Structure formats: structure tokens, C-alpha cells
Amino acid sequence: FVYLLIFLRLFVAFIESAFSLKRVNLENSAQHYYPRQRFPWKISVKIQRKIIGVLFLIYLLSASIIIVFGQIQRVTNAAYFNSFIQQGSGLPFNCTIPDNMVRLVTQELAVSIARRHMSEFGSNMRVLGCHITKTPEGKLAWIAVIGSTNVIAENYVKGFVIIDATDPTATPKILRNEFGVGEGLWWDHDVHFRPYMDDMAKSYGVAYITWDLTTNESAYVVTRYNVGFDLVRRYETPIVYDSQGNLHYETESISDVPSWITQIYDEDWLEGMINEMGCFRRGDGFDYWAGGLLWIIPPSRERFQMTEDTRYIVDPETNDVVALICVNPVGNQRALSGVFKATREGVFFYDFKSANYISGMTAEDMVEGRLPKPAAGIYYAEMPLLYPIEISLDNFRLAWYVPIYWREGTWETDETIYLAGFAIVDASEVNRIAITMNGEGLTSEQLVRKTRLDFMKLFGVV
């Protein structure tokens, strides 16, 4: 986009220069010519048109070269990201996740909960942003950033609402901690714009609040990447700002990123690079014509694409937050092609193309087809999570953990949403489904546990 603006500006400058050359009489101009004065060239209208035509052709050729170069470099991006990938073996996790660590709160539900409990900050307040991280106690949590509806007058963050991501019924915690930078603020108080003013060579993505465990103080983390002149999007380590908006922490390599920074990759960069890699994949390499070209080049069968959002969940083995990205074969959203697991040690890819697993979207549909119709509102399944379940000793089944929600169905900002049930669907045998609707006195942990035990009974485990 920047290159396009440069060429557009050059083209406009050439046009302005061509039109500024006006026809004049040479005899009259000689009488009024002075040193250091631009000589008034006499150019006919016909020549002006030719100049404009030539300049337009130069601009068109330059723009075409940039577009073609950008398309070719998409393959280079895929090859660059492939250097990040480590081939995983077996399952993404090698143990069953504890029932009290399963993520049950979506971003939409977290914002809804935050809006119900933000009255302590007063009127004319809104949720500026909401991102997932870990609390100092090690709990997975959504952090809703609260700020004024008039950021020109009150250009700072008022505080935060902390929502337990594993228990939507838990009372949120209110953190009255003012921040000089944040999402949705004005000018250099915006947490994305401030680092851009310091270093315009980099691109800045997701920003989220977390805790610096060395000082036990909250900090704003900004993920980033670098787009070079070759249009390759290279990874950059995140930076951290303190409550005053000062640069608090910056590392040079991924190995130096501290453990309390839970998301070390920009989500948009990660998803974009995965899609680029899947789009051009052919065999062990990458090909721009992997999608095929008429009857001349057949399409590649190794291509994949993202159809679901990135899920930030807890790794049951390391207790660390990891990003789980499920991909499907191009043109088939019902099957699972593989899983990317992004950790601080690297990005791992688990190839399930030949395992005959269903996708998360299919699991949602299988659950929704078995739900009763409520008297009011609607039930729906959302945010399927892929976890292994140990049926017997060293015998694991890969299954989809699917939360079930109820909502009014008005689709308004202040719509009521709550967790209504939980389901587990086997990833290879879709007829093995366990569903539990939430009842009185049943906690979130008990809801997950009951569903998991019911699922194990389907395999003869009592």
C-alpha cells in the first residue's frame, strides 16, 4: 500500500509538471528573462499529450511490476513461515486437561459479563478491548479494558474487569488501575499508534494487558512483525509498556521473551502466514500455481485453509497459554487437515490429513442438532476446542470440547448470554457424543467432569 501511494504521488507530480509548462512567445519572454529564473519552455499541446501518455505507461508498468512482485513474494512468505514450523508427532497434547482448566468463555461472553459489572467506573464508560491472558495466580482470564466514551476529554484507561475464562459464573474482579496507553485512545495514547511513532518500520498487531511477574505490576504487551522491502513479513518480538506509557521491556530474540508474556506472536500475522502457507503448499515445497491453472496445471492436494478463529488455551502439560489453530482442506470445511500449536518454543504442525478427523464446525453442527428448543431465545454451540481424553492407560481419543450457550437472539450489544451446557464429540466417530445441560447447583468444573465421564462410558469405561 505504501509503495502504491509513492507511485501515485510521483504520477500526480509528473502530470502537474507537464501541465505547468505553458505555451509562451519566445520574443516576449526574452525581454523579461532574468538570471536564476526558470526558462519558459514552449511545448505544444500535442507534445504534452505524448508526455502524459508516456508517464501513464511508466506508471502502469511500475504498478504492474509491484503487483506481480507482491504476488510472487506471497510464496516467499510461505517459505519463510515454513522455517518456523516444527513437525509435531502424535497428538497436540499427551494428557487429559483437568476439568477446571477448560476454557468456557468466549470473547463475546466476556464482553457481556464485563458490561454487567463495570458500573463501578461510573457512567459514559465502554469496553475498549478484551483479550485473554493468565493472572498472577496462573488462571486463564479475559481482561476487559474500560475507558471513557469521550477519549478526547479523558484520554486514558480507567481500569480493567478480570473475567475467569474457565468459569463464567464466577464474580469478575475489578482492577482500578489507570493506564496512560490503551486500545481505542486518541493520538499517541493509543497503544498501537505510540510504538508506530517510535519505529515506523514495523507493523503492530494485537495488544493486551498482562502481569509482569517480576514486579507483580500490570503491563501492556504489543505484538509486532516487520515487512521489509521484499514484502516478506518477518517475526518481531513483542514490546511492553508500563502504566505511564513508557517502554518497559524489549527483547532481541524469541528466547529472551519472559514467561509472563503469554502471546508472543501477533494473531493477525500468525493467521495470515498460515493461510499463505496453506494456499501455496504442494508436496514438500510451495508453488504459486498450487491452486491449479485451467487444464494445464492440476491443483495441489496438500493445500489447507483456516475456517475457525485462533483459540488461546492452556497446555495441560506445561500449564502455559498456547495458540491452537485448526486448518481444513481447501474446499472442505467438514474435515480436519491439521493443527498448528504456537508456543514460545516454536510453532508445531500436526498433520491429520490421513486421520479422518472431523472439523470443529462439524462438531458444532452435530451438537446443535441434538439440542432441545428453548421456550425463549436460542441454544447454540461455539468455540470447539481439540483435546485428547485418556480412555484407558495410554489409550487416548482426540475429541472436541464444545461449550453450549443460550442467548436472547436479538443480537444487540447488551444481549444476555450465558453458559447453558457442555458437550464432547469424538473427532473420528461422530456418533459418540456426550451432552450435559447445565442444571441448578452445577459448577462449571462439575459440568465438564460429568460430560467427560459420560463420554468415557460410551467406550465401556465406568
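1. Let's start with Asn319. In this predicted model, Asn319 is partly exposed, with a relative accessible area of 37%. You will find Asn319 in the loop between strand 13 (311-314) and strand 14 (321-329). Its backbone deserves a look too: Asn319 has a positive phi of about 60 degrees, although it is not a glycine.

2. Trp187 is not a glycine either, yet has a positive phi of about 55 degrees. Trp187 sits in the loop between strand 5 (173-175) and helix 5 (193-198). With a relative accessible area of 49%, Trp187 counts as partly exposed.

3. Next, please turn to helix 8. Helix 8 covers residues 444-457, which makes 14 residues. From its first C-alpha to its last, helix 8 reaches 20 Å, close to the 20 Å expected at 1.5 Å a residue. Which residues of helix 8 are buried? They are Ser444, Leu447, Val448, Thr451, Arg452, Phe455 and Met456. These residues lie on the same side of helix 8, because they cover an arc of only 165 degrees around the axis.

4. What do the buried residues of helix 8 pack against? Their partners are strand 18 (385-392), strand 19 (395-407), strand 20 (417-426) and strand 21 (433-437). Strand 20 and strand 21 run antiparallel and are joined by five bridges. A hairpin of six residues leads from strand 20 to strand 21. Within this pairing, Phe422 stands opposite Thr436 in strand 21.

5. Ala423 is a handy place from which to view this region. Ala423 belongs to strand 20 and is buried, at 0% relative accessibility. Leaving out residues up to four places away in sequence, Ala423 touches Val367, Trp400, Tyr401, Val402, Ile404, Ala434, Ile435 and Thr451. One of these, Thr451, is also among the buried residues of helix 8. Leu447, another buried residue of helix 8, is 24 residues from Ala423 in sequence, and their C-alpha atoms are 9.4 Å apart in space.

6. Now for the nonpolar cores. The largest has 101 residues. Which of its members touch the most other members? They are Phe81, Trp269, Leu270, Ile274, Phe340, Trp400 and Tyr401. Setting aside neighbours within four places in sequence, Trp269 is in contact with Tyr80, Phe81, Phe84, Tyr225, Arg233, Arg234 and Tyr235. Another core, of 20 residues, lies apart from the largest one; its members include Leu128, Ala141, Tyr220 and Val222. As general background, nonpolar side chains tend to be buried together in soluble globular proteins.

7. Finally, a word on the cysteines. How many disulfides are there? The count comes to zero. For Cys279, the nearest cysteine sulfur is that of Cys326, 19 Å away. Cys279 is partly exposed, at 24% relative accessibility. For Cys326, the nearest cysteine sulfur belongs to Cys95, at 17 Å. Cys326 is buried, with a relative accessible area of 7%.

Terms used
Residues numbered from 1 in each chain as written. Predicted model: local features only at pLDDT ≥ 70, side-chain atom pairs only at ≥ 80, totals over all residues. Heavy atoms only, no water. Helix = DSSP H or I, 4+ residues; strand = E, 2+ residues; numbered from the N terminus. Expected span 1.5 Å × (residues − 1). Buried < 20%, exposed > 50% of the residue type's maximum accessible area, 1.4 Å probe, protein only. Arc of directions from axis to C-beta. Contact = heavy atoms within 4.5 Å. Core = buried A, V, L, I, M, F, W, Y, C linked by side-chain atoms within 4.5 Å. Pairing = 2+ DSSP bridges. Disulfide = S-S within 2.5 Å.
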